[in-house]
Amino acid sequence: MSLTVMLLGTGSPMPSPDRAGPATLISAGAGPEGEHYLVDAGRGVLMRLAAAGLGAPNLTAVLITHLHSDHITDLNDVITTRWVMTFEETPLTIVGPVGTQAVVDHLLASLEPDIEYRIAHHKDLDHRPPVNVIEVTEGAIELPDGQGGKVAITCGQTDHKPVEPSVGFRFDHEGTAVVAAGDTVPCAGLDLLCDGADALVHTVIRKDIIANIPMQRMQDTLDYHSSPEEAAQTAAKAGVDTLIYTHYVPPMPVGGTEDDWRALGAEYFDGTIELGNDLHTVTISSR
Ligand SMILES: [Zn+2]
Ligand SMILES: [Zn+2]
């Protein structure tokens, strides 16, 4: 069987007119009947999800790799839209590293006036946004009863220091496995998560370009992200078939052509390297 990876947002903290913020959808099955796992909830995530014919009510769970703002800017939108657009109480599970509960609590506090307005205005809306947070460190993730079930999810520690903790997620479905790494440098936790997987979705930055930009704030980003070459080395070590780049810094065309990015990885990895615009979709089947 297969899993589908859709790059909902391939952007980064730098606003782009045509790239939404970091967000990836991992799906088992299509349409409302499928299970859909959202990894990170960057700028514009629900617009991209709408373009994919899905909405917040279709999400089986939201998984957050780390609490950097660009990866969670639109988490509030997911929470509110899920709540308002479902007509019976439908809990939203948010899985993330330790610290996620506090962030979600603060988001809900910031939404308090909106929550009161809507409950007062809609007679059939008698409950607050039903959100439950599962904080994870590593190992198997149990979703609440009735949520998911077709896909086994595991998490492992990544290395995005000083952003700590950060995690990656692995999705196993009937013999097919996809790992979403998030932002990380190569590390043992990610290697373990990728072992025997079919595909790796990895955020990347062009260190060769960023290193030449004479701005300290850009150069600071070099030490806690992987380059396309480093992501390719992680993919090769794990023996995956497919490596999918996302979170392009700097974005194309400033960051070169898609072929340039692919060529950097191909020096270290013989499998297929995928990248593209928002909504680029890759179907991963077991070997
Ligand atoms: Zn980050
Ligand atoms: Zn990032």
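The legends below walk through several close-up views of a predicted model.

Two notes on conventions come first. Residue numbers start at 1 in each chain as its sequence is written, while chains are lettered from A and ligands numbered from 1 in the order in which they are written. Because this is a predicted model, local features need pLDDT of at least 70 and side-chain atom pairs count only at pLDDT 80 or more, whereas totals for chains, interfaces and linings use all residues.

View 1. Helices (H or I, at least four residues) and strands (E, at least two) are DSSP runs, numbered from the N terminus. The C-alpha trace spans about 60 × 45 × 30 Å along its principal axes. Why does the radius of gyration agree with a compact globule? A compact globule of 287 residues would have a value near 19 Å, and the protein chain has 18 Å; the radius is taken over C-alpha atoms, and the globule rule is 2.2 Å times the number of residues to the power 0.38. Of the 287 residues, 46% count as buried. Here a residue is buried if 20 or more other C-beta atoms lie within 10 Å of its own, exposed if 12 or fewer, and partly exposed in between, with C-beta atoms placed from the backbone. Among contacts between residues at least 6 apart in sequence, 65% join residues at least 24 apart; a contact means that the two C-beta atoms, placed from the backbone, lie within 7 Å.

**View 2. The open sheet of 7 strands that holds β1 and β14.** The order is β6-β5-β4-β3-β2-β1-β14, with mixed pairing. Its edge strands are β6 (131-136) and β14 (280-285), each of which pairs on one side only. Two strands pair if DSSP finds at least two bridges between them. From one strand to the next, the twist averages 20°; axes are lines fitted to C-alpha atoms, for helices over the stretch in contact, and angles run from 0 to 180 degrees between N-to-C directions.

View 3. Strand β5 (residues 92-97) runs parallel to β6, and 6 bridges join them. Pro97 stands opposite Val136 in β6.

**View 4. The open sheet of 7 strands from β7 to β13.** The order is β7-β8-β9-β10-β11-β12-β13, again with mixed pairing. Strands β7 (139-141) and β13 stand at the edges with a single partner strand each, so one side of each is left without a neighbour in the sheet. The twist averages 25° from one strand to the next. Strands β8 (residues 152-157) and β9 (residues 167-173) are antiparallel and share 6 bridges, with Thr154 partnered by Arg170 in β9. Helix α9 (residues 228-238) packs on this sheet, touching β11 and β12, and its direction makes about 160° with that of β11.

**View 5. Strand β12 (residues 242-249), with 8 of its 8 residues buried.** On one pairing, β11 (residues 199-205) joins β12 in parallel through 6 bridges, and Ile205 has Val249 as its partner. On another, β12 and β13 (residues 272-274) are parallel over 3 bridges, with Thr242 partnered by Thr272. Together β12, helix α10 (residues 258-266) and β13 make a right-handed β-α-β unit: with the strands pointing away from the viewer, the path from the first strand over the helix to the second runs clockwise.

**View 6. Leu275, in the loop between β13 and β14.** Is Leu275 buried or exposed? Leu275 counts as buried because it has 21 C-beta neighbours inside 10 Å. Leaving aside neighbours within four places in sequence, Leu275 is in contact with Ile244, Tyr245, Glu258, Trp261 and Arg262. The C-alpha atoms of Leu275 and Arg170 are separated by 19 Å, with the two residues 105 apart along the chain.
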